[in-house]
Amino acid sequence: MRFSLRRLSMAWGRIGHQRGKVEYTLSSHEQNPYAGVFGDVTYRYYSQLLKTIIAIWVPNMLLGYSAYSWANWEYDRCTRKIPHQFVNEKLPENEKDVASGDK
């Protein structure tokens with residue numbers, strides 16, 4: 001006779017046997033994971049949710065949006081050309097002909 005896990009009734013997930021152990025399970029068709037979500041949820045749940053949103057989410061969202069808008073504003077400011085800074089600027093010799101249209 002060969003030694004095998006199947007012969008010892010050690011299928012995957014059920015290795016070994018324990019005496020006196022009783023397990024109760026529900027069929028997946030009998031379970032209702034959303035039971036009481038809309039009707040029986042207490043005031044305490046909604047108050048804790050609101051406190052969490054106000055204390056954690058709102059400040060983080062405001063901080064993130066303000067950093068994002070500041071970064072966009074700073075980028076636009078840094079890439080903008082200010083005309084009075086370029087009044088005395090002279091073109092290099094080889095670009096004068098191209099700018100005037102002479103070849």
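Me: What counts as a salt bridge, and how many does this predicted model hold?
Reply: A salt bridge is a side-chain nitrogen of Lys or Arg within 4 Å of a carboxyl oxygen of Asp or Glu. The model here is predicted. By that cut-off, the number of salt bridges in the structure is 2.

Me: How far apart in helix α1 are Arg77 and Glu74?
Reply: These two form a salt bridge, with the closest N and O atoms 2.6 Å apart. Arg77 is partly exposed, at a relative accessible area of 39%. Both lie in helix α1, about one helical turn from each other, because their separation is 3 residues.

Me: How many helices and strands does the chain have?
Reply: Strands number 0. One of the helices is α1, which covers residues 43-79. The count of helices is 2.

Me: Where does α1 bend?
Reply: The bend is about 35°. A proline, Pro59, follows within four residues. The residue at the bend is Trp57.

Me: Is Trp57 buried or exposed?
Reply: Trp57 lies in helix α1. Its relative accessibility is 54%. Exposed means over 50%, so Trp57 counts as exposed.

Me: What is the area of the nonpolar surface patch that includes Trp57?
Reply: Trp57 is one of the residues that make this patch. Among the others are Leu49, Leu50, Ile53, Met61 and Leu62. Tyr45 and Tyr46 belong to the patch too. Its area is about 1,100 Å².

Me: What kind of aromatic pair do Tyr45 and Tyr46 form?
Reply: A search of the whole structure finds 1 aromatic pair. The ring centres of Tyr45 and Tyr46 are 5.4 Å apart, and their planes meet at 70°. Planes over 60 degrees apart count as edge-to-face, so this pair is edge-to-face.

Me: What share of the chain is buried?
Reply: The chain has 103 residues. Its accessible surface comes to about 11,100 Å², with 58% belonging to carbon and sulfur atoms. The share of buried residues is 3%.

How values were computed. Residues numbered from 1 in each chain as written. Predicted model: local features only at pLDDT ≥ 70, side-chain atom pairs only at ≥ 80, totals over all residues. Heavy atoms only, no water. Expected span 1.5 Å × (residues − 1). Bend = angle between axes of the 7 residues up to and from the residue. Patch = residues over 30% accessible without salt bridge, like charges linked within 9 Å, V, L, I, M, F, W, Y side chains within 5 Å. Areas by Shrake-Rupley, 256 points an atom, 1.4 Å probe, with all protein chains shown as cover. Buried < 20%, exposed > 50% of the residue type's maximum accessible area, 1.4 Å probe, protein only. Phe/Tyr/Trp six-rings, centres within 6.5 Å; stacked < 30°, edge-to-face > 60°.
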